[in-house]
Amino acid sequence: MQDLKTLSDAIINGDFKTARATTEQALASGVGPVILVQDYMVPAMNEVGRRFECNEYFVPELLLAARAMKSALELIRPLLSATGVQPVGRVVLGTVKGDLHDIGKNLVASMLEGGGYEIIDLGVNVSPEQFVSAVQEKDVQIVAMSALLTTTMASMKQTIEALEQAGIRNRVKILIGGAPVTERYAREIGADGYSESAAAAASLAKQVLNPIS
Ligand code: B12
């Protein structure tokens, strides 16, 4: 089997063909999808972020890396999602207003689907009003928000305030995540849960819905 460093390198170098081919081979030879994501793909994106931070990479390189990550994830997502299971809860999910990063959000969606949750994905750049309407219109138990920019984290707080103003805050549990988000910030803005990884999202959802079990 190929060295899986090839997968990390392909993402870092924005080579989507190699990223996809290596993922295909790794899955065919029995490597678990979660291992591929956690041990190779997410660290590769972190390295891309590091290079961007020290001006070795610029937005075009970020876009190429994101395309490589997404093309590999296309193969992995269906494997993370359960099929034919009765939903254990409904989650409305989105990347908050002003923020276009969706790779982490999409992974969270897959992991929650894998945990048996039905996902209503509002996409990116989702305003507090859109979250409020979704909760008013659908029977959802969880609102999950993702933010990757320090400047857009504030929109999580604004969304919680908008839910409070609409009188529906207590109808749902609120989960937040994304690279700059912390447990402390979650507590500060009154969210019900935070996790630093998508892998923990399903158990976190279960925990906030059934705190004693
Ligand atoms: C790829 C990328 C982009 C791509 C996004 C493509 C896409 N479709 O998503 C593009 C090129 C569009 C982009 C644009 C920008 N980006 Co950018 N980007 C990144 C990069 C390199 C990787 C992000 C990523 O996909 N990571 C991989 C995923 C899997 O990780 P994740 O998103 O963190 O998600 C995980 C967890 O956080 C968690 N999680 C995420 N959401 C949720 C939600 C819940 C409920 C839970 C429980 C868990 C959870 O689970 C996930 C899996 O474990 C990061 C660097 C980094 N290390 O984060 C910079 C980064 C986020 N970007 C940054 C910047 C500055 C920008 C731009 C402003 C650049 C510019 N000058 O234009 C723009 C902003 C555009 C906008 N309005 O959103 C900065 C942010 C700095 C800051 N402090 O705010 C970073 C940190 C880079 C850096 N080191 O400087 N970017």
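I looked up which element gives most to the shell, and the largest share, 7 residues, comes from helix 3. Helices (H or I, at least four residues) and strands (E, at least two) are DSSP runs, numbered from the N terminus. This is a predicted model, where local features need pLDDT of at least 70 and side-chain atom pairs count only at pLDDT 80 or more, while totals for chains, interfaces and linings use all residues. I also noted that residues are numbered from 1 along each chain as its sequence is written, and that side-chain values use heavy atoms, with hydrogens and water left out.

Next I asked which residues come nearest to the ligand. Of the 36 residues around the ligand, these are Leu-100, His-101, Asp-102, Ser-146 and Thr-150; a residue counts as near if one of its heavy atoms lies within 4 Å of the molecule. By class I found 20 nonpolar, 11 polar and 5 charged residues in the shell. Here Ala, Val, Leu, Ile, Met, Phe, Trp, Tyr, Cys and Pro count as nonpolar, Asp, Glu, Lys and Arg as charged, and the others, Gly among them, as polar.

I then looked for polar contacts, which are pairs of N or O atoms within 3.5 Å.
- A polar backbone atom of Gly-49 is 3.2 Å from a nitrogen atom of the ligand.
- For Ala-198, a polar backbone atom is 2.9 Å from an oxygen atom of the ligand.
- For Gly-178, a backbone N or O atom lies 3.5 Å from an oxygen atom of the ligand.

**Asp-102.** I found Asp-102 in the loop between strand 1 and helix 5. Is Asp-102 buried or exposed? Asp-102 has a relative accessible area of 19%, so it is buried; buried means under 20% relative accessible area, exposed over 50%, partly exposed in between (1.4 Å probe, protein chains only). Not counting residues up to four places away in sequence, Asp-102 touches Lys-70, Thr-95 and Val-124, where contact means heavy atoms within 4.5 Å.

**Lys-97.** The loop between strand 1 (89–95) and helix 5 also holds Lys-97. With a relative accessible area of 46%, Lys-97 is partly exposed. Leaving out residues up to four places away in sequence, I saw that Lys-97 touches Asn-125, Val-126, Ser-127, Pro-128, Thr-152 and Ser-155. The C-alpha atoms of Lys-97 and Ser-146 are separated by 9.8 Å, and the two residues are 49 residues apart along the chain.

**Backbone angles.** A reminder to myself: most residues other than glycine have a negative phi. Asn-125 is not a glycine, yet has a positive phi of about 55°. I placed Asn-125 in the loop between strand 2 (117–121) and helix 6 (128–137), and at 39% relative accessibility Asn-125 counts as partly exposed. Asn-55 is not a glycine either, and its positive phi is about 60°. Asn-55 is in the loop between helix 3 and helix 4 and, at 54% relative accessibility, counts as exposed.

**Helix 1.** Which residues of helix 1 (residues 5–12) are buried? I listed Leu-7, Ser-8, Ala-10, Ile-11 and Ile-12. Their cover includes helix 2 (16–28), helix 3 and helix 4. Just after helix 1, Gly-14 takes a positive phi of about 70°.

Conventions:
Polar contact = N/O pair within 3.5 Å; in protein donor to acceptor, adjacent residues only side chain to side chain.
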